[in-house]
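The sequence and the structure are shown first, and the description follows.

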Amino acid sequence: MDNINVLIIEDTLEQSDELVKVLLDNNYNVAGVAANYTDALKLFYEKPVDIIIIDVFLDGKPDGITFAESINIIPHASKPFVFLTSSQDRQIFERAKLTRPFSFLMKPFNELEILYALEMAVEKFYEQTNVFLSEEQNTVISNDSLFIKKKNSLKKVALEDILYIEVEERYCNIITEKEKFVILISLTKISDLLDKNKFIKTHRNTIVNTDKIEEIILADNLIILKGNHKINLSDTYKDFIKKMNILS
Amino acid sequence: MLIIRFFLNLLIVCSPFLLFSQSSNKQLNEVLKKKEIEFKNELNFSKASNFFIKKNWDSTLVSSMKQLNINKNKELADYCHFFRGYSFIEKKLFKEAKFELNLISKKFTFYSLVNKNLGDASIELKEFEKAIIYFKKIEKLKSLNQQGLKISLIYQNLGICHLHLNDFIKAEEYLFKSLEILEIEKDIINLFCIYNDIANLYYIQYKDQQAIPYFEKAYDLSKKTVDFDIKRKASLNMSVVEENKGNFKKALFYRKESAQWKDSLNNQSKIWALADYEKKFAVAQKQKQIKVLEVENELKNAQRNTLFFSAIGLLLILTGGVYLYAQKVKNGKTILRQKNKLDELNATKDQLFSIVSHDLRSSVNALKNSNSKLSATLENKNYDELNHLIIQNSSIANGTYSLLDNLLHWALLQTKQLYFHKESVHLYSVVQQIEYNYKPLLLDKSITFENSVSKNIFLFVDLDSLKIVFRNLLDNAIKFSNENGQITFSANETDSDFCQVIIQDTGIGMNENTIKELLYEGELLAKKGNSEIIGTGLGLQLCKQMIKKNSGTFNIESELNKGTKMILTFPKTK
């Protein structure tokens, strides 16, 4: 489980410091702090970034919106972002609103508000709303990661690290090469959201990352994954083997 | 001598002929009137008969010709021919008259009249033998009188015809027959004629002895009439008789008498002409009067019309005026209403400004004082006091900030500049976020805060306006709570669409009037009471408007010294 990397675009040092403090306190990584549009773009492409906090006004110009517009144009490059603003000026909002999905946070903000805004930004960006704050689910699944709410902050697990997933009622056990943890999500939801070519059901309550399969022993109904994890293969779900490129 | 006698005869023959037209027409006219009704559709026939009755001969000729050209009805054709024949006789065109009268069929009701007219025309054309044939035809009929024909006249004419043909015996016979009838009827004029005729008859035969008594009888008769012409003729005849006798003295006397009668006749003619002229003049006068009256009438009409139209015009102007006035009054009222509202709003704004500036002034002043105290305390190194002062400063700053924040939002809301975007909002988190800022204040007053909102409630509202509402309500709750009080946020899902949010405190509460005042739907802010803890009322006003904008409701339940319940409802996320 990794911390979330947050890029801060804020020209007021005082506020960026406060933001950094809040984020670090809540186990977020700060990918960098940019004070202007150019720095922001540079950092955005150089560093790993999961979420961006953007101040609408940089040096009195609405460059924050320009930045959001820029990253929005590039397909698959955009990341969840939160606007910071001290003004509820309608005109600015009308422009900012066009950079969908749009979430913002009014200054002044407290710790809870910042964390809430980050969570909302992720939910909206991946179009899986009302997840982190409900009691039924705590994970948002993007195309390459799981965003998991842990206590007050978000954590991230790369999908490619996952070996397999074991479902137990409303919970899922995620087993990676390094660790094993529990997330709150239903089987139907998780199987809907995961790439069906990569994650395959091998059993009623088991989903396996096909990239991690080392060996399939049909005689014993066993799948052996990386790190010598043995998984049962149920007869009902054997069909997937036909789709695989089998080396003889 | 003979020439004179012949001349006399001519004079006399004319008389009965003229007389006839008066007597026979009465009966004919009646029949014509009936026929007119019968042939109502034949316009030309009615016209012709009308003109005939009125003795307008030329018009009769024209109309009857038109009728003949159009219609082939035999009966009507007979009438028309009759009209034409008669008219021609009257116009002295006897040949044409005979032609027309001969065209009439023998079935014609007044065929005897036709014969009579044919006879008359023949006499005028001096075709006495033919005339005799026509008159004899009439003589044979028995019902002569019914057609307005007098047998005496027929006899007279027959006599005259024979006279002209020098058949004196027959002439005498007929004339005496006529005389016989006329003496019974005592028709003076005809009697006069017949006397003359008989006298002439004898005179031509040189039977002077027999002739003279008849001349004298005629002369005597003439004295009884007023007709100057008859008198003149009688006198003239007498004078001729006396002249022939050689009695010139008497002849002269009669000649003079005749001249006198002639003058009288001329005079009478003049008088008649004058009378006629006067009549014409009178008619012209009358015509003029009529014209004048007509013109007057027209003038009157025109005047009346002008009056009428001007009345309508005036009425229209009046209506328009009234309408415009009503509009003006209405506009005035609207303007007055708007003015009052504007005044009210302006008053609200003024009040707000004064309150806000007062509040701001006092808080900043308090901060100033506190700061100078702080520096003084710092010099004295009284650290316990220092901490207290800092907390105090921060609370003053917080209050001022929230005041300014409300003011900003209120202004944005009033100018419709506020960004408003409804989205799914996690109620529990929002309450936590709001509480976070008030933690020091709650701690300061030792108030327990409880967020008992279910974590599964999502409202569909604008996040920032919801925060403003909660912030203000929590602020109020803390303000009006005593130390060690309790504030609870809770939520009930009332139905599938709405969720109730209740903010409850155990503070001083408020009375019904205050609640009423707070819930009053108006632009005016609640009046500031004398108590220092009652604020501008701006906060609650803002709350109400924000809740309304979020399609929510707002209610207050309170009990004095027990606490207040603020009950809000908001739409849920579906």
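What percentage of the contacts in chain A with a separation of 6 or more comes from residues 24 or more positions apart? Such residues account for 50% of those contacts in chain A, two residues being in contact if their C-beta atoms, placed from the backbone, lie within 7 Å. The model is predicted: local features need pLDDT of at least 70 and side-chain atom pairs count only at pLDDT 80 or more, while totals for chains, interfaces and linings use all residues. Residues are numbered from 1 along each chain as its sequence is written, and chains are lettered from A and ligands numbered from 1 in the order in which they are written.

**The two chains**

The table sets out the totals for each chain. Helices (H or I, at least four residues) and strands (E, at least two) are DSSP runs, numbered from the N terminus. A residue is buried if 20 or more other C-beta atoms lie within 10 Å of its own, exposed if 12 or fewer, and partly exposed in between, with C-beta atoms placed from the backbone.

| Chain | Secondary structure | Buried residues |
|---|---|---|
| Chain A | 7 helices, 17 strands | 35% of 248 residues |
| Chain B | 18 helices, 7 strands | 32% of 574 residues |

In chain B, residues 24 or more positions apart account for 62% of the contacts with a separation of 6 or more.

**The contact between the chains**

Chain A gives 15 residues to the contact and chain B gives 16 residues. On the side of chain A that touches chain B, α4 (90-96) and α5 (111-125) of chain A each supply at least two residues. The largest share of that side, 4 residues, comes from α5(A). By residue type, this side of chain A divides into 5 nonpolar, 5 polar and 5 charged. In this classification Ala, Val, Leu, Ile, Met, Phe, Trp, Tyr, Cys and Pro count as nonpolar, Asp, Glu, Lys and Arg as charged, and the others, Gly among them, as polar.

UniProt, in an unreviewed entry, lists A:Asp55 for "modified residue: 4-aspartylphosphate"; its annotations may be inferred rather than shown by experiment. A:Asp55 lies in strand β4 (residues 51-55) of chain A. A:Asp55 counts as buried because it has 24 C-beta neighbours inside 10 Å. Apart from its neighbours within four places in sequence, A:Asp55 is in contact with A:Ile9, A:Glu10, A:Asp11, A:Gly64 and A:Leu84.

**Helices α2 and α3 of chain A**

Among the buried residues of α3(A) are A:Asp63, A:Gly64, A:Ile65, A:Phe67 and A:Ala68. Their cover includes β2 (5-9), α2, β4, β5 (81-85) and α4 of chain A. The axes of α2 (residues 37-46) and α3 (residues 63-73) of chain A come within 10 Å and cross at roughly 35°; axes are lines fitted to C-alpha atoms, for helices over the stretch in contact, and angles run from 0 to 180 degrees between N-to-C directions. From α2(A), A:Tyr37, A:Ala40, A:Leu41 and A:Phe44 meet A:Asp63, A:Thr66, A:Phe67, A:Ser70 and A:Ile71 of α3(A). The residues of this contact divide into 6 nonpolar, 2 polar and 1 charged.

**Strand pairing**

Strands β16 (residues 222-225) and β17 (residues 229-232) of chain A run antiparallel and are joined by 4 bridges, where two strands pair if DSSP finds at least two bridges between them. A:Ile223 has A:Ile231 in β17(A) as its bridge partner. The hairpin has 3 residues between the strands, and A:Gly227 takes a positive phi near 75° there.

In chain B, an open sheet of 5 strands has the order β2-β4-β5-β7-β6, with mixed pairing. Strands β2 (448-451) and β6 (553-559) of chain B stand at the edges with a single partner strand each, so one side of each is left without a neighbour in the sheet. The twist averages 15° from one strand to the next. β6(B) is joined to β7 (residues 563-571) of chain B by 7 bridges, and these strands run antiparallel. B:Asn555 stands opposite B:Ile567 in β7(B).

**Backbone details in loops**

In the loop between β6 and β7 of chain B lies B:Asn561, with a positive phi near 65° in a residue other than glycine. B:Asn561 is exposed because 9 other C-beta atoms lie within 10 Å. In chain A, A:Glu127 has a positive phi near 55° and lies in the loop between α5 and β7 (139-141). A cis peptide bond, with omega about -5°, joins A:Lys107 and A:Pro108, and A:Pro108 lies in the loop between β6 (104-106) and α5 of chain A.
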